[in-house]
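Subject: Structure handover

Dear colleague,

Here is the structure you were waiting for. My notes on it follow below.

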2 protein chains.
Amino acid sequence: MLIDGKSYRSIWLDEKDNTVVCVIDQQKLPFFFETKELRSVDDIFNAIKDMTVRGAPLIGAAGAFGMYLAALEITRQTNIRDHLSNAGRYLVSCRPTAVNLSLAVHQIYRKLENLTDPVRVAEQALKFAQELCEMEIENCRKIGEHGLKIVESVSNSKAGETVNILTHCNAGWLACIDYGTVTAPIYLAHEKGISLHIWVDETRPKNQGARLTAWELGKQGVPYTLITDNAGGHLMQKGMVDLVLVGSDRTSASGDVANKIGTYLKALAAKDNKIPFYALLPTSSFDISIHDGIRDIPVEERDPEEIMEVEGLSEGRLRSVRICPEDAKTANWAFDVTPARLITGLITEKGIFKAEETDIKKLFSDKSN
Amino acid sequence: MLIDGKSYRSIWLDEKDNTVVCVIDQQKLPFFFETKELRSVDDIFNAIKDMTVRGAPLIGAAGAFGMYLAALEITRQTNIRDHLSNAGRYLVSCRPTAVNLSLAVHQIYRKLENLTDPVRVAEQALKFAQELCEMEIENCRKIGEHGLKIVESVSNSKAGETVNILTHCNAGWLACIDYGTVTAPIYLAHEKGISLHIWVDETRPKNQGARLTAWELGKQGVPYTLITDNAGGHLMQKGMVDLVLVGSDRTSASGDVANKIGTYLKALAAKDNKIPFYALLPTSSFDISIHDGIRDIPVEERDPEEIMEVEGLSEGRLRSVRICPEDAKTANWAFDVTPARLITGLITEKGIFKAEETDIKKLFSDKSN
């Protein structure tokens, strides 16, 4: 996407030095736009762990580039399989909920495990990582096209009046490589001149809505209003929301969606107020080995410190303030699971599907898709 | 309640100078415990407006003391009715949702409007304000006794295992004069040795949960864990919540409850997970002139700045950090309305009632109550 007239992706290989992976430092946004150079598996691990990069598709891509950086370490003396398998396990361990990370790492491992020439391993790893990025971008573009139909139909049903969309967290282009999932139809609709307004949940504790989605939408000129995570129910009761669009970090075979904590509460409110609630996701976010998402999708518990402190800008620099008693006990689950029964549909690169086992099975059995 | 061994109320008349109203400065908690002296109607207005004092019963009491301070301004030349009526309108205008403020001010006005002697007006105003405080305290004590039965019954059904209670915002003794509404049964149960653990919603944007409820519970030694407003749904899905207890700023004749924004989302999650959800309130929070709470209870919109910034402690002092782009548009509704159908019961000083018009009518028609 364009940032002040220059085109960016959220991850790319350095033009001059192809042993360096570059990312936008999402910990500094919206206050400072900085890029960061990642030169080792550890750099990638830390960038994912501390959320310099975040969002299911992006951490998948970062994991793939991590395997490429691992491949660059291989010498004639290295046991290639052990080396790659250790690097893969290490990378996958850093965030458990989004399935894209483990999927990307496993896929790349399978491509590389039987190769013996270090140069070829690195070449193939890079090829895979770059193809993964292109595929994710293409998927987001298609998700945008399918999602656009939903936005257009709401717009038509309101005779062209402003469509009010509520979103939680950041399923924007920053979370993907380009376009985003939730934002893809929003950007397309905005380009087409459909009148839109986005309600942006701030998304405590890390405030991805306030910091990233607000920044993204602002840069693309899409009108938005930032609200607390508490506000969405009231807005829906008062008829101020037409559509809820969220991302997914892992989607079960039955259509349960693990997404940023708080998503489930918005889905309940949407259902209670008869407002369509869609999850937008590449099919790579499906984990069809899991049926009961609430029971079986692992939910990451993050550092309790993230609850005690809020980071923001003060006197020109990033600063954290403590918002509770010094000795407060806190807990920090990062995701929740929205049961399929609350989801109007799943908007994927392959079309719009019901959040139902039968529909989802079709998606995976039909090779022509 | 006790703070470090010393007994406090949230509002009181200065012992040495009975023209001074004292309050705990709730804007400084939990970082600094400071009291503030209020000496004029303006002081009271500003303390309510900027949330130095907050919570439905407490702002009712503050309003009554405001009328007393107005009465102290009366001279032989004053038109008493005009003076008191202007002061009352001014005080009531500062926060629209909680009904206690306007109720207290109207009641005191009716007591005073026919008096002609300035000394007598002031005496009666003070008497009313002090009686109101005593009544609110007594109401909270009784709410505690009725609520205790619910907590005991959950404890018994779990064979004495820890009862996990989720609460939103602060309906503690700080919001009242003493004991609190939600906290009254919690403190009683804790004293009785019932094993309890409280999930405290941080309650953006003003973080009354993180700042006030956490502080209160900590001071009384009640185990709690601070969570984001997003987390409650996940906890309920995972069986980690046995009971949800919230306050009310205004309760309609049909049992709809206006409370801090986000309460409705927790009520939906409680319903979805078959967890009992009670509102605890003095009957003074009823507004039986309103039937449809969602349509007719006025919801205060506060300063959008409260959404852009988070205040906390940094390097030993209170500081605000901006959490979003500088040019972000924000909106800040302070309350939402939970429909009666989601409420298991209303715990009042007169007993536990169904959130239903027929039951609530009984409460107001039966003079023996």
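Which residue of chain B forms a salt bridge with A:Glu202? The partner is B:Arg204, and the closest N and O atoms of the two residues are 2.6 Å apart. Please keep in mind that this is a predicted model.

The contact between the chains

That salt bridge belongs to a set: eight are found across the interface of chain B and chain A. Polar contacts across the interface of chain B and chain A come to 30 residue pairs, with both residues of a pair at pLDDT 80 or more. On the side of chain B that touches chain A, at least two residues each come from helices H7 (208–220), H8 (232–237), H9 (263–272) and H10 (293–296), and from strands E8 (224–227), E14 (309–314), E15 (317–322) and E16 (335–338). H9(B) gives the most to this side, with six residues.

As for extent, the contact takes 65 residues from chain A and 65 residues from chain B. The size of an interface is often given as the accessible area lost when the parts come together. Here the area buried between chain B and chain A is about 5000 Å², and carbon and sulfur atoms give 58% of that.

Symmetry

How is chain B superposed on chain A? A rotation of 180° does it, with 0.0 Å of shift along the axis and an RMSD of 0.0 Å. The two copies are therefore related as by a two-fold rotation axis. Within chain B, the C-alpha nearest the axis belongs to B:Leu265, at 2.9 Å from it. Both copies use the same surface, since 100% of the contact residues of chain B recur in chain A.

Aromatic pairs

Over all chains the count is 12 aromatic pairs. One of them is B:Tyr8 with B:Phe33: the ring centres are 5.0 Å apart and the planes stand at 70°, so the pair is edge-to-face. B:Tyr8 sits in the loop between strands E2 (6–7) and E3 (11–13) of chain B, and B:Phe33 in the loop between strands E4 (21–24) and E5 (35–38) of chain B, so the pair ties together parts that are 25 residues apart in sequence.

Backbone points to check by eye

The loop between E4 and E5 of chain B also holds B:Pro30. A cis peptide bond joins B:Leu29 to B:Pro30, with omega about 0°. In chain A, a cis peptide bond joins A:Arg204 and A:Pro205, where omega is about 10°. A:Pro205 is in the loop between strand E7 (196–201) and helix H7 (208–220) of chain A. A:Met51 is a residue other than glycine with a positive phi, near 70°. A:Met51 lies in the loop between helix H1 (41–49) and helix H2 (56–72) of chain A.

Best regards

How values were computed
Residues are numbered from 1 along each chain as its sequence is written. Chains are lettered from A and ligands numbered from 1 in the order in which they are written. This is a predicted model: local features need pLDDT of at least 70, side-chain atom pairs count only at pLDDT 80 or more; totals for chains, interfaces and linings use all residues. Side-chain values use heavy atoms; hydrogens and water are left out. Contact means heavy atoms within 4.5 Å. Buried area is the accessible area (1.4 Å probe) that two parts lose on being put together, summed over both. A salt bridge is a side-chain nitrogen of Lys or Arg within 4 Å of a carboxyl oxygen of Asp or Glu. A polar contact is a pair of N or O atoms within 3.5 Å; within protein, one must be able to donate a hydrogen and the other to accept it, and residues adjacent in sequence count only if both atoms are side-chain atoms. Helices (H or I, at least four residues) and strands (E, at least two) are DSSP runs, numbered from the N terminus. Copies are superposed by least squares on the C-alpha atoms of residues with pLDDT of at least 70 in both. Rings of Phe, Tyr and Trp (its six-membered ring) pair if their centres lie within 6.5 Å; planes under 30 degrees apart count as stacked, over 60 as edge-to-face and the rest as tilted.
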